[in-house]
Amino acid sequence: MESQGRSLGKRAWQELRSVRTGIVLLLVIGAASAAGTLVLQRPLTDSQSLARAYSPQTLRWLDALGLTDVFHSWWFVALLLLLCANIVVVSAERLPMAWRFFARPYLRPEPHFVSGLPLQAEIPVRRADTGLAAAESALRAMGLRPRRVEANGSVSLFAERHRVARLAAYVVHASLLLILAGGVVDGLAGWRGFVALTHNQQTSTIELRNGGIKSLPFVVRCDGAGQENYEDGTPRRWWTRLAVLENGREVLKKEIEVNEPLVYRGLRFFQSSYGSTGEVESIHLSAVPKLGGAPQSIVLRPGEGVALDAKTTVRLLSFVPDFVLRGNQIETRSLEPRNPAIQLLVASQPGGEAKVWLFPRFPGFAHPDASPYRFEVADLEMGYFTGLQVAYEPGQWAVWAGAILMGLGLIMAFYMVHVRYWVVPVADNRGRLVLWVGASASKNRAEFEARFKELTRKIEAGVRARSSNPAPVASVTGA
Amino acid sequence: MARAAAAEPTSRRNNTLLILVGLAVVFLVLTPALGMPKSGASPDEASLLYGALVFYAAATAFYVGFAVSGNDPYARFASLATWVGFAANTLAVAQRWYVAGRPPFSNIYEMLLSFVWTLAALTLFVERRYGVKVLGTVTMPLAVVGVLLMQLLPSAVRPLVPALQSTWLHIHVTLAMLGYAACAISFALALMFLIKDKVRTETFLAATSAMLVGIYLGVATRFDPSGGLRVAAWDPAEGREIFLAERTPLLVVIPGLGWLFFLVLASAVVPLALALWGVWNRRERAIEWANRVFVLSTFVQGLGLVAFLLRARDGMYPSGQADGLFATRLGASPFLLAGMVSGLAAALLYLMLWWRRAGLERMLPDADTLDRLTYRTIGIAFPLLTLMIAAGAYWANRTWGSYWSWDPKETWALITWLVYAGYLHMRMARGWRGRRAAYFAILGFAVVLFTFFGVTYLLPGLHAYA
């Protein structure tokens, strides 16, 4: 029993260390994500639509399997954790090997290495130093920096490029873990909420997505909001002027719009919606005396009376933004001022009170009333609210750092090749002095072969040039 | 039968070509005659696009001609036609950019415009740089289907809604287009690898028939019990579909068409069943018959497409949901039409393979090169997809206040990424090459197609406008 348990543990460990498990996990996570887009998800759909889409029994099954909230279900999280564990284990097992490439360059090839190297050539030379000089200049011409390696009294050359490419896979894997860590931090410590503000309103509490309330250590005030339209009437821009107050003092002011949030103390306020409150802020009226006389312009606000003359005052009695009669009941169809109706109370000294209905969309409409004035609506300003999303995501910086790191890692992985060249003067099997040239590349070997042939051609040409011209030889011997 | 192709006399080979090019020309003349609606696009752009369509289609014909005959002049003509089409396409992009005053990335029409442009650019690049001349045989039909779809989608230049006014959108979409076009190229290369790698012709037959069955099962969901086919109604005055409620379009029934597509579906099921049975029991006769039925099925599909073009192009039809007669246009059912055209293109490509496999194999670079090129192309696509997702997340974070919200489009982008990540690990860490890698590359592109079209039209989400 115990041995079986141990072998099971061993087998699980074996599975965890294999790349194949990683590939299977990638595909399983892909399939689970696909399921999460095909089955309606609880956080995004209301329970009525769910009930309409699935029978109660199906829904019970889907709920039990976590399929109605795949991305927050325990098994999805477990799959992600398994993938992370796999990445960590697989990388940790292979990193020492790659690190050796990186930290301890292999400077001088030994016989067992030479025999296994696919790319190598031998170039006959008369003197070792002229050969090495030719090889050095050929390597320099390729943009490499050859270094002279001295061992056992003989000198050889070593040159390499993009050594860091050996670490590419680890950079990518580390960046992925960084991104996931950022996501975990945000999942645990982050929150999202919503707040609606009207002009001059301020708040320090946010309604959270999950229904809770969050109080802020500062106050946010709305100093104005608006919408701008294209010529065809579709919205072009929404904006809100926000001010942040700490202890009653203004510390930050910003006009935010969609794509341009306000950030304060790690909290970000986004423009998310904009709409009419259904209340009127002010009405511009022109009052014309019925008995003749000059018309006067007045501005009426809710709750304020305006004196038209010594004996007459007017005030707003009621306002309906989108007037409709159902039966004999006055109702509003929406909160937008599509068909506004205004009821005024006109009080005059001898005549008493008169109620006057005004319909700006139908200026001809006039009901006989006892008011000494006739009214025309010049303009009306509605009250608007601006809807702000509020988000706190302390882990997002890890996510962005991870994304940049991953971009770099992928460029290293696909576009940087670790190439190495060795040049060693040796005696070949017939006892002649030759320059042994070997090379290796971490990938793209077919293309690299052409590069290697080019190098050996250049060295040969250099050797020939140097042996026909004795001057540099003399200088080398002189040195 | 197929293996004997190389021995056939040249005259017959050239006749096939003439017929193919002739068919393409007839198709091109028919397209404008059918009066596909061009709602709102400026006339210059429409004619430029039509020019691109004609030349891409001609390029397709010449690439196919080159693939079956191996005549180098055909390859030259094909490249030339692609260049001309590409030039027209570039001008169309420039025109739209100029008119809209912003890069053309904001709706699915504009995305297709950019996608086709990138696809043609990459095809020409791979052809020049790596000398893979037959690549266009697969990518140019894709470009033609793309431009055809564009003719049907609403193309009016619309002002950008506030959420889309961001530089990050342009970065995000440019990366997506480049990445997806690279995926399309890798798909074409993987297909060629499978041909060169001696995957049996029967397997291609089964795969093509399975794809056709899939397409026509999709069409069959529109089957009406009266024997008609339900298509979306079109409001000619508004230039768009009629909606009963949000996401519930009014459907009209075209009588008789349902039975025809039932027949098409049956004609695709038979070769699939025969091929599978033949491969399973090793019966050559069954496979021979499967191929014969497949030829018949291709004709029936062509018939179905023509009938659909004629009936759904115009006319007033009754609806089961409301009283009276309603109009419809091809523009109301772009995805039915795209499915049928892609199905026909795939069927013709298979028939080309069946008739001229030996010649085709001679045209292709060797299997190792194709395998390596597939990997290289995915090596280009994968970093682009990664950065595309990152740019999209950054944009979402600035707009909606959250960098990841598991919305269907972003989830499917992630799935695409996961599949290609699987491919890369298979190759780099486990050294799996060849067929398994090629199947993975094909799966990857299937997921890309679903992400691009399937999610937009089947799954609701925040990306509703793209």
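1. Residue B:F77 lies in helix α3 of chain B; helices (H or I, at least four residues) and strands (E, at least two) are DSSP runs, numbered from the N terminus. B:F77 counts as partly exposed because its relative accessibility is 45%. On this scale, buried means under 20% relative accessible area, exposed over 50%, and partly exposed in between (1.4 Å probe, protein chains only).

2. The model is predicted: local features need pLDDT of at least 70, side-chain atom pairs count only at pLDDT 80 or more, and totals for chains, interfaces and linings use all residues. Residues are numbered from 1 along each chain as its sequence is written, chains are lettered from A and ligands numbered from 1 in the order in which they are written, and side-chain values use heavy atoms, with hydrogens and water left out.

3. B:F77 also belongs to a nonpolar surface patch of about 350 Å², together with B:F55, B:L80 and B:V84. Helix α3 (residues 72-100) of chain B gives the most to this patch, with three residues. Patches are made of residues with over 30% relative accessible area and no salt bridge; like charges are joined within 9 Å, and nonpolar side chains (Val, Leu, Ile, Met, Phe, Trp, Tyr) within 5 Å. A salt bridge is a side-chain nitrogen of Lys or Arg within 4 Å of a carboxyl oxygen of Asp or Glu. Accessible areas come from the Shrake-Rupley method with a 1.4 Å probe; for residues, only the protein chains shown count as cover.

4. Chain B is divided into domain 1 (18-158), domain 2 (198-364) and domain 3 (366-466), with bounds from an automatic or database domain assignment. The C-alpha centres of domain 2 and domain 3 of chain B are separated by 27 Å. Strand β6 (residues 251-254) of chain B contains B:V252, which counts as buried at 0% relative accessibility. From B:V252 to B:P383 the C-alpha distance is 45 Å, and the two are 131 residues apart in sequence.

5. In chain A, the assignment gives domain 1 (2-99), domain 2 (105-162 + 417-477), domain 3 (187-277 + 386-406) and domain 4 (278-379). Between the C-alpha centres of domain 1 and domain 3 of chain A lie 34 Å.

6. An open sheet of chain A has four antiparallel strands in the order β12-β13-β16-β17. Because β12 (305-307) and β17 (352-358) of chain A stand at the edges, each with a single partner strand, one side of each is left without a neighbour in the sheet. Two strands pair if DSSP finds at least two bridges between them. Strand β16 (residues 341-348) of chain A is joined to the antiparallel β17(A) by seven bridges; A:L345 has A:K355 in β17(A) as its bridge partner.
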